[in-house]
Amino acid sequence: MSFPIERPRRLRRTETLRAMVRETWLRPSDFVLPLFVAPGKGTKNPVSSMPGVYQLSVDLAVKEAKLAHDLGVPSVILFGLPETKDAIGSSGWDAQGPVALAVRAMKEAMPSLVVMTDVCMCEYTDHGHCGKLTHARGEVVVDNDATLELLAKEALCHAQAGADIVAPSDMMDGRVAKIRKTLDESGFEDVAILSYAAKYASGFYGPFREAAESTPKSGDRRGYQMDPANVREALREVKLDLEEGADMVMVKPALSYLDVITRVRMSTDVPVAAYNVSGEYSMIKAAAQNGWLDETRVMLEVLTSIKRAGADMILTYHAIEAAKALGG
Ligand code: PBG
């Protein structure tokens, strides 16, 4: 050993010193709160696999958004639970559907809240896939180009309701270009697109599918969502979505894909979002309920890791608790 030895511990001695040299700071303004909006009034259905998460009717969703916003959370992302489902998901562009109504109510109550909407067909189709089905080579597959038309209608419906940002999560090829063109032609040049650019076919979406009632009736999403083993492909997806007009890109899930977040961050100058998905949330909740983990500590550690990896914003079901824990 050479002398004097290197002593990084000197700067870890007190909390003040540690804070002085801390590289990553979490703030309530980093978070986007996902909300599941149901029809009716006064509805608050617990999602059993996601303790603390509820399907909320518009009135209560507005309240929850206000709670978050008052704590310094700038934005929510809305998912819809429609009254009816059909083969093409036509309730997805219902101007009286839960998402459109919630967007209107939230923008009216809180003009400064940034309201994002998830644009996808899986919540609205009776088969639970993210688009219109067709047959190819004897198999049932999602018809890419026919689905683009439906996604554009849904995005336009959300824009007409007053959404600030639409976030397509379907993983069809060409959806960003199609949505951008439709929005521009209808006078919504100022509505931004956050594309779920690198969205993986992940087992971590399980609890969400209970919350959104969007589990595919047959098959899975591997024919359109990405293979968890790939990272170069994520960079290609990001590049394509940016060429098509995306304003921001997302990596999803977050925790098993921190390397993807970092690589995407290095590959582009646009804001990068990461989705701390349902299964990541539920794992912490389940372990905490068993007394196996310190919930608040682990939650903040996970969120910090996502930010450290390079995310500018984090979509997380922990948004309210995390904002509280940060003194928001
Ligand atoms: C819709 C969509 C999903 C999620 C966000 N948008 C589910 C899926 O692709 O099956 C998952 C979010 C989460 O797990 O928290 N396509």
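**The ligand site**

Tutor: Start with a polar contact (a pair of N or O atoms within 3.5 Å; within protein, one must be able to donate a hydrogen and the other to accept it, and residues adjacent in sequence count only if both atoms are side-chain atoms). Here, a side-chain N or O atom of Tyr317 sits 2.6 Å from an oxygen atom of the ligand. Taken alone, the ligand exposes 400 Å², and the protein buries 100% of that. Such accessible areas come from the Shrake-Rupley method with a 1.4 Å probe; for residues, only the protein chains shown count as cover.

Student: What should I keep in mind about the source?

Tutor: The model is predicted: local features need pLDDT of at least 70, side-chain atom pairs count only at pLDDT 80 or more, and totals for chains, interfaces and linings use all residues. Residues are numbered from 1 along each chain as its sequence is written, and side-chain values use heavy atoms, with hydrogens and water left out.

Student: How many residues surround the ligand, and which are the closest?

Tutor: Near means that a heavy atom of the residue lies within 4 Å of the molecule or strand. By that test, 18 residues surround the ligand. The closest are Lys199, Arg209, Lys252, Ser278 and Tyr317.

Student: How do I read a salt bridge?

Tutor: Side chains of opposite charge can pair when their charged atoms come close. The test is a side-chain nitrogen of Lys or Arg within 4 Å of a carboxyl oxygen of Asp or Glu. The whole structure has 17 salt bridges. In one of them, Asp241 pairs with Arg175, with 3.5 Å between the closest N and O atoms.

Student: Why does the pair tie together parts that are 66 residues apart in sequence?

Tutor: Because Asp241 lies in helix H7 (residues 232-244) and Arg175 in helix H5 (residues 175-185). Helices (H or I, at least four residues) and strands (E, at least two) are DSSP runs, numbered from the N terminus.

Student: Is Asp241 buried or exposed?

Tutor: Buried means under 20% relative accessible area, exposed over 50%, partly exposed in between (1.4 Å probe, protein chains only). Asp241 is buried at 4%. Arg175 is buried too, at 2%.

Student: What about Lys239 and Glu243?

Tutor: Their closest N and O atoms are 3.3 Å apart, in a salt bridge. Lys239 and Glu243 are 4 residues apart in helix H7, so about one helical turn separates them. Both are exposed. Elsewhere, salt bridges with shared partners join Glu15, Arg18 and Arg22 into one network. Within it, Glu15 and Arg18 meet at 3.2 Å, N to O.

**Helix H10**

Student: What does Leu300 touch?

Tutor: Contact means heavy atoms within 4.5 Å. Leu300 is found in helix H10 (residues 295-309). Leaving aside neighbours within four places in sequence, Leu300 contacts Leu26, Ala322, Ala325 and Leu326. Leu300 and Leu26 are 274 residues apart in sequence, yet 8.1 Å apart in space, C-alpha to C-alpha.

Student: And Ser305?

Tutor: Ser305 is also in helix H10. Its relative accessibility is 10%, so Ser305 counts as buried. Not counting residues up to four places away in sequence, Ser305 touches Leu255 and Leu258.
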